[in-house]
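Subject: Structure handover

Hello,

Here is the structure I said I would pass on. My notes come after it.

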Amino acid sequence: MTPEQIAALPYRPCVGVMLINRAGLIFAGRRLDTAAPAWQMPQGGIDAGEKPKQAALRELTEETGVRPERVEVLGKTQGWLTYDLPPELLGKTWGGKYRGQKQKWFLLRFLGEDAEIDIARDHPEFAEWRWIGPDEMIAAIVPFKRDIYREVVRQFRPWLG
């Protein structure tokens with residue numbers, strides 16, 4: 001793709017969830033679809049007619065089994081955050097329709113117990129999960145999403161352990 005073609009592609013509307021426990025540690029899941037040790041927070045696309053908060057709660061349940069009544073919404077990011085796909089993924093990811101994602105992130109406090117988290121879903125995203133600190137979360141994400149994770153951590157820092 002030429003630079004002009006890439007620039008003409010839209011961003012995919014998406015939400016992300018920073019799920020924290022009572023100690024302020026962050027839920028991180030290791031992705032199933034790559035051999036690399038890629039850890040991330042729950043995230044996904046916004047369906048047609050869906051509000052971002054609804055999408056965030058849906059994605060959380062789909063990826064972790066955590067139901068909306070088991071979380072407290074603490075905040076959301078100011079504005080939308082964007083990232084571009086690296087050249088090797090352009091034209092392949094999402095059918096080549098998007099240059100990257102624009103994301104609205106939500107900070108949710110988990111009110112349940114660890115045993116309630118169930119990543120063995122109908123369409124699993126994660127091979128394993130753990131609670132980690134913000135610096136470890138930033139280091140664990142794939143490099144092309146690192147700036148987004150830095151900004152999410154910066155905005156939600158007051159609630160983190």
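Below is what was found, taken element by element. Please keep in mind that this is a predicted model.

Strand β7

Strand β7 spans residues 100-110 and is mostly covered, with 9 of its 11 residues buried.

- β1 (residues 11-20) runs parallel to β7, and 10 bridges join the two. Within this pairing, Pro13 has Lys102 of β7 as its bridge partner.
- β5 (residues 71-76) pairs with β7 in the antiparallel sense, over 5 bridges. Here Lys76 is bridged to Phe106 in β7.
- β6 (residues 81-84) is also antiparallel to β7, with 4 bridges. Asp84 has Gly100 of β7 as its bridge partner.

Helix α4

Which residues of α4 are buried? In this helix, residues 146-156, they are Ile148, Tyr149, Val152, Val153, Gln155 and Phe156. They lie on the same side of α4, because the arc they cover around the axis is only 165 degrees. The exposed residues Asp147 and Arg154 are carried by the face of α4 turned away from the buried side.

Glu59

Glu59 sits in helix α2, which covers residues 52-64. Is Glu59 buried or exposed? Its relative accessibility is 8%, so Glu59 counts as buried, the cut-off for buried being under 20%. The Glu59 side chain makes a polar contact with the side chain of Arg58, at 2.9 Å. Apart from neighbours within four places in sequence, the residues in contact with Glu59 are Val15, Gln43, Gly44 and Gly45.

Largest pocket

The volume of the largest pocket is about 450 Å³. The pocket is lined by 26 residues, and those closest to its centre are Arg31, Asp33, Gln40, Gln43 and Lys145. Two or more lining residues come from each of β4 (43-45) and α2. What gives the largest share of the lining? That is β4, with 3 residues.

Regards

Definitions and conventions: Residues numbered from 1 in each chain as written. Predicted model: local features only at pLDDT ≥ 70, side-chain atom pairs only at ≥ 80, totals over all residues. Heavy atoms only, no water. Buried < 20%, exposed > 50% of the residue type's maximum accessible area, 1.4 Å probe, protein only. Arc of directions from axis to C-beta. Pairing = 2+ DSSP bridges. Polar contact = N/O pair within 3.5 Å; in protein donor to acceptor, adjacent residues only side chain to side chain. Contact = heavy atoms within 4.5 Å. 1 Å grid on protein atoms, 1.4 Å probe; cavity = no way out; pocket = protein on both sides within 12 Å on 5 of 7 lines; lining within 4 Å. Points joined across faces, edges and corners; volume = space filled by probe spheres on them.
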